[in-house]
Structure formats: C-alpha cells, structure tokens
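Subject: Structure handover and notes

Dear colleague,

I am passing on the structure we discussed, together with my notes on it. Please read them with the model open beside you.

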Amino acid sequence: MFTKFNDGIVVKNNGKTLQIRIVNSKIINVFITDKDEVRKDTIAIEKRKHNTPCNFDVSENSDIITIKTESLSIIVNLNDFSIKFLNLEGLVINEDYNGGVRFYNNDIRCYKKLNEDHYYGFGEKAGYLDKKGENLEMWNTDELMTHNQGTKLLYQSYPFFIGLNKKYTYGIFFDNSFRSFFDMGFESNEYYYFGAKGGQMNYYFIYGENIKEVVENYTYLTGRINMPPMWSLGNQQSRYSYTPQEKVLEIAKTFREKEIPCDVIYLDIDYMEGYRVFTWNKETFLNYKEMLKKLRDMGFKVITIVDPGVKKDYAYNVYREGIENDYFVKDKFSIPFIGHVWPGESLFPDFLRDDVRHWWADKLKDFVNEGIDGIWNDMNEPSVLDGINKTMPEDNVHYLNGYKILHSEAHNVYATYMAMATQEGLLKSRPNERPFILSRAAFSGIQRYAAVWTGDNRSLYEHLLLMMPMIMNLGLSGQPFSGSDVGGFGDDGQEELFIRWIEAGVFTPFLRIHSANGTREQEPWSFGKRCEDISKKYIKMRYEILPYIYDLFYIASQKGYPVMRPLVFEYQNDENTHNIYDEFMLGDNILVAPVYLPSKEIREVYLPKGIWYDYWNGKEFEGGKHYLIDAPIDVIPLFVKEGAIIPKQNVQAYIGEKQIDELIVELYKGSCGEYIHYEDDGISIKYSSGEYNLTDLKFEYVNGILKIYINRIYSGYKNGIKKYKFVFKNFNKLDKIFINDHEYKAENYVIEI
Ligand code: MIG
C-alpha cells in the first residue's frame, strides 16, 4: 500500500495522496492532497544543506500503518488518512478528529481533538498570552487607525502554535502562506482546526519534551536569528518624522549633552523627495551627507525608512527601471498594478522574484553607501491606502521561482521577501558587517532576515500591557527580536505612562522610542526633569546589562529561545505561570513585573517556585506565591533568581564608544550557579568563522565557602575581556573565596582579577 523513501512514506487511497516525511525523530511533516501536485515549502522553511538522515521503521497491519522514530510513533488510518502521534510511552500527544483533513474547493482544513489546556504562539496577535477558545486569522494587515486588544488582523503572520497540557507539549506549523485560520476551541470544546483559503495541507508536527524543546525544534525548521550588530541592542530614538536635518542633529546632540545613552536615530518618510524611495528631500535634507557625517562623529547610527511603493513618475529612475524591466506586481490583466500609498500612485516591486530582489539590493546598496546603517521597512503588508481591504487585489500576479502565483498566496510572504532583498542590499554595501533590518510585516522565518516591531500602538496603559504578550508570543514563534513603540505611537504621550513604558521597554529585546506626527513630542526629556532622570536611569541600566542581553541573543542564534520569555517557558510545571502575561523573564535569570496602570505604586507579582532576590534592595522571597511589591514611580519590580550569574559592563554613551576590557560578574546567592558568556567584536561577521569566545562561569557555595571557576571553553576572539570584577549578592557569610582554586579576599563584596 505504501511506498517507503529514505525520508518517509507516500500512500495513495480514495483519490488522495498522503506523504509523511521524517524531518528528524521529533519533526514530522504531513502533506495530504486530493490533487496531482508536489508539496511546496514556503519561505518559512530554512534551506539546509545537510539534513541529518533519520532512522524510522514502518509496519502495516490491515488498515493501519505505524511509523516509529526514536521519539514518536505515528499511526495512520488508511481509510481516511487520519493520524495519531504518540510518544514512546504510548501516550497520545495529538490526534486527528473525525477523519482529520477535509477539502472543500478553496478551503482546506485539518481537525484535531482538543485535549490541551493552553495554546501559545501565533506570532503577533493582540490579546492575552494563551489563545485557547479563540479563533485567529493570518493575513498581514495594516490596521490604519491603530489597533487595540481585540483587533484580529495585524501586520504579521505566523501560522504556528504550541499546545500544552499537564502531560505533554507539541507544536504545529502550518506551512501555508494563504489567508489561514485557527479555531482553537472557539467553535467546539471537542476539536480545534486549522485551515486556509487555498494552497496545500502541508503541516509539521513538532514534538518536544517541553516548550523550550518545541521552540528549539520549530526554529530548527524555520531558522534562527544571526547575531545582530551590537548597536541594534542599544537605545534607539524615532519620530514620524524628525525633519529638517537640523532637527535630527539637535535631537542627537541633546542625547549626548544630557548623557542619555543612545545608538540609533531614525528617519521616517519625510526625509525623502515626495516619498520617492532612495531619494533625499532637496529642501529639508539638502546637506544630508554633512548631517550623516556629523551623526557618525557623534557615534550615532542612522536608520531610514524604505517603503515598497515606488512612485509613478517618468522622471524618477527607480520607476523607469522597474517599468523597463517589468519588475512590478501586475493585475489580473497583466498590467502593472497601481495603488495609492504615501507617494501617491505607486507600483510594487515583485520581491518574490530573484531578479527583482537583486535590482532592489543594488539600489539599496548605492543608497546606504552614503552613510546609512540600517533599514526600516514599513507598509510592507503590503498596505495600499485605497485598496480593497487595505491591500492589493488577491488576483494580482506575482512570480515565484518562475511560476505565476496570485497575490492571495504571495500576500503574507511579501514582506519577508522584501526583507531578504534588503538584507542582500546591506550585505552588498558592507559584506563584512552584520545587516540590521526592522520590518513591520512578516511571515514565519522572518527572524533570518529582520527584527520586527508591533506597529501602531497608542499612548495608552492598555498598550503598555499589550506589548508584553505580543512580544512573548512572537518569541515563542521563533522571532526573538521584537519591541513596541515605547511611549506609544498614536495619541499624545504622557509623563507617567512614558516612565512606566521605558522602565519595561529597556528589558524588551528591541528598544525604540517612536511616536506619530502631530502627537506630543516624545523624547526622554520631553516630559520634564523627573521623566528625564528616570528614563536615563533605566536606559543606562540597559547599557549596563548589555552583556547579559547579548548572551541571550547568542542563545537565540543557537537554539531559537526567546530573549523575552513568558514565565511558562521557564516554569512549565508550575501551573500558576500558564497564562501570566503581565510579567516576563529576560532570559532565565531576571523576572520583570512592569507597572502598567496609572497612579499605581504597588503591584502584585507572582514569583515561581524557588528563591528570588529583589534587584533593588536584595530582599529575599520564597517563590510559588504572590506578593505585593512597592513600586514607586522610579521603580519597576525586578527579581533575580537564586544562583544567578549576571554579566554587566560599564555604561557607554553608545556601543563602541569605549573599549570594554572589564566584565562585571554578579553572583547571586545559591548553592551553585552556572552561566556561559559569549563575546565577539559585535559588528563584523567574523564570529561566523570562529572569531568569538565562550567562557563558562560557575560557582559552588557550601558552608560559607565560595568556589568560582572561570573556564574558557572556546577561544577565537582576541580583543575580549581582560579583567573580571566579581560582585557578591546576598551572600551573608563568605569565609573563603576561591577562583580557579586560588584564594582571594573580597573587599566590600567585590573581587577584581
Ligand atoms: O501610514 O511612515 O507603522 O511607524 O511612523 C503610516 C510613517 C506609515 C506607519 C508606521 C509608523 C510610521 C508611519 N507609517
């Protein structure tokens, strides 16, 4: 009945074909079709040169086929192709409901039994952390009037979720770029389903012993972030728009004068000439080269916005080249499609085509060569202001790998292909530097090309709260590098709200202050001295804990783990954590509990099991309980786990201002602790050929004796740390301290070596 191949099996029955591929022992690809067609990957799947061959056995017994890998059994019913996944103990982890897959013309669905308590992931969705009981939809959408908690469609699409119950965890990635649907127990308490308005029933069942492993396996499939340039982890300032050039320089200077660290300044759409991409406004940015040089001299990086829409204007070379070479997306009559965006009538490069991406990359290269450090892609859903449903018609025509596809299929991946073109352009300009791209729209796999932000929020406390589950679910969906417009984009910023937002924002992976035109100015000093001082305190703290944050990006690049994590990611066995969306973990050592209500100087905090130390005053707490924590306006509740090791460094005005030779290592009391610290030059791609260091820091603490071990486990980077300063937190009794078996005396709980 079935044919066995080296990566799986194919079975045909009742006019349907089922293909099961064993990607590895825990990642199983299921493809079912009622047509004569081959399975297609979307851009989400990372192309790998070497897929590790995986052993599996297949057996057939009347109507049942059983496939066994080292971790799973997959049982297929040959009558209806329904599938069950079991672990090695024989526990059913996931099973089709009522026959599983259905095809209704242009609507395909896969029904599953609903046995899970929680569903996480789905990328950038408003609402809470857990999506059980909701119906969700994936269609990249520019919510023009700014979104709210209930908004269904946002800018990005990640057809991926994680199911959790008391006994197991798994993920499902539905590799389909059409408009897709996920009904997670909205319609029924017995089943859930996912489906799409077209394309293929092509999904991956992803097993993991816990959420961590599911995310690791999901990102094995869809790829992991490359190390970002270190400056992109610094503080970034934006506004729609800083114009003219003198204003940009004034903002930059103010940061330096006030000694508020800042690495990046953004130029929003008004720097362009009539919103023509790759041009500069001849009046307001006449001397842009001089401005760029001055910014560089002050240690600023510059990121400009680049939208996809190319202005229809015969006198404009980008438009002419695009038309002459036939690079734009076409309508159903094969005529280049024209839609209204910022430049007025505009055309949209078909980024799905290789030749179009190379062309765009060349344009971009010349543009950034003049002194631009990174690119911000906006309006790339693509948003069309006068379009039906805010975008282009679904029967518009694109070409992918030489084949015609319709916009209904290209829509959700358009931005990711644009990010790919942008990455190519930045690398053409500076082949040895790490590119930085910020994108508004995205599809699964975007982490290989760009960071994202959560689009047009508002200056409301509700939006400060909302950014937490959004960034956490993005992290669980393979995108570790995201942030929100700090202070809020729409509506006028307010002093207290800004303070609370910056307090939380410095612990999010991407830190950028941004606000809309016409709203109240929103720089750290715009709301008076109190706000300026508190903002400065927290932005400085961001620069202090940069080694810790950078290490988390290293882990993200290796394992796909989020930088900003929901508590359930670390404490899955503690059910109290399962839907906490107003606290988060920065890595596995720091718990952050932002205040997100006005005039609140106290907040309730849940601490998971274990011992925790209040970051500010060292007070010890026993976890597994809720506490009321004082949070005066300049304090965000922060807790550090027992046995934590936190690397820090001295504050700089911007990253790279000073050569940093010293690593400050804070050890928090516990019977033991271990931490791996990563270093490289922070800017070049040399780390990818081995120019980095890994240092294992470890301690044991028994009967007042502390033994520390520093062990260089990989050495490839020469300009690394030369000095360590150990700081001991909460160790009330330190009789003897050894570092690599030499005894040291601590002065004021500090040792420098
Ligand atoms: O239609 O470029 O989300 O960050 O400032 C508005 C102007 C277009 C939307 C982005 C926002 C940006 C703004 N853009």
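Below I describe the ligand site, then several strands and loops, and finally an annotated domain.

Please keep in mind throughout that this is a predicted model, and that the values quoted here are computed from it.

**The ligand site**

There are 13 residues around the ligand, and those that come nearest are Asp 268, Asp 378, Arg 440, Asp 456 and His 514. Sorted by class, the shell consists of 8 nonpolar, 1 polar and 4 charged residues. On its own the ligand has 350 Å² of accessible area, of which the protein covers 95%.

Strand β8, which spans residues 82-87, has 5 of its 6 residues buried, so the strand is largely enclosed by the rest of the structure. Strand β7, at residues 72-77, pairs with β8 in the antiparallel sense over 6 bridges, and within this pairing Ile 74 stands opposite Phe 85 of β8. The two strands form a hairpin with 4 residues between them, and Phe 81, in the turn, has a positive phi of about 65°.

Strand β8 is also joined to strand β9, at residues 92-104, by 3 bridges, and this pair again runs antiparallel. Here Lys 84 has Glu 95 in β9 as its bridge partner. The hairpin of β8 and β9 has 4 residues between its strands as well, and in this hairpin Gly 90 takes a positive phi near 85°.

**A three-stranded open sheet**

Elsewhere, 3 strands form an open sheet in the order β22-β24-β23, with antiparallel pairing. Strands β22 (310-311) and β23 (339-341) stand at the edges with a single partner strand each, so one side of each is left without a neighbour in the sheet. Between β22 and strand β24, which covers residues 344-347, there are 2 bridges in an antiparallel arrangement, and Val 310 stands opposite Leu 347 of β24.

Which strand holds Arg 603? Arg 603 is found in strand β37, at residues 602-607, and with a relative accessible area of 7% this residue is buried, the cut-off for that term being under 20%. From Arg 603 to Val 341 there are 262 residues in sequence and 44 Å in space, taken from C-alpha to C-alpha.

Lys 625 lies in strand β40, which covers residues 625-630, and at 41% relative accessibility Lys 625 counts as partly exposed. Lys 625 and Tyr 606 are 19 residues apart in sequence, while their C-alpha atoms are 5.8 Å apart in space.

**Backbone geometry to check**

Two cis peptide bonds deserve a note: the bond from Tyr 240 to Ser 241 is cis with omega near -10°, and the bond from Thr 243 to Pro 244 is cis with omega near 0°. Ser 241 lies in the loop between β19 (236-237) and α2 (245-257), and Pro 244 is likewise found in the loop between β19 and α2.

Ser 334 has a phi of about 65° and is found in the loop between α4 (317-324) and β23. Asp 741 has a phi of about 75° and sits in the loop between β48 (736-739) and β49 (742-744); with a relative accessible area of 58%, Asp 741 is exposed.

**An annotated domain**

Finally, an unreviewed UniProt entry places the feature "domain: DUF5110" at residues 662-728. In the model this span is 0% helix and 63% strand, and its end C-alpha atoms lie 16 Å apart.

With best regards

How values were computed:
Residues numbered from 1 in each chain as written. Predicted model: local features only at pLDDT ≥ 70, side-chain atom pairs only at ≥ 80, totals over all residues. Heavy atoms only, no water. UniProt positions renumbered as here; feature names shortened; annotations may be inferred. Near = heavy atom within 4 Å. Areas by Shrake-Rupley, 256 points an atom, 1.4 Å probe, with all protein chains shown as cover. Nonpolar A, V, L, I, M, F, W, Y, C, P; charged D, E, K, R; others polar. Buried < 20%, exposed > 50% of the residue type's maximum accessible area, 1.4 Å probe, protein only. Pairing = 2+ DSSP bridges.
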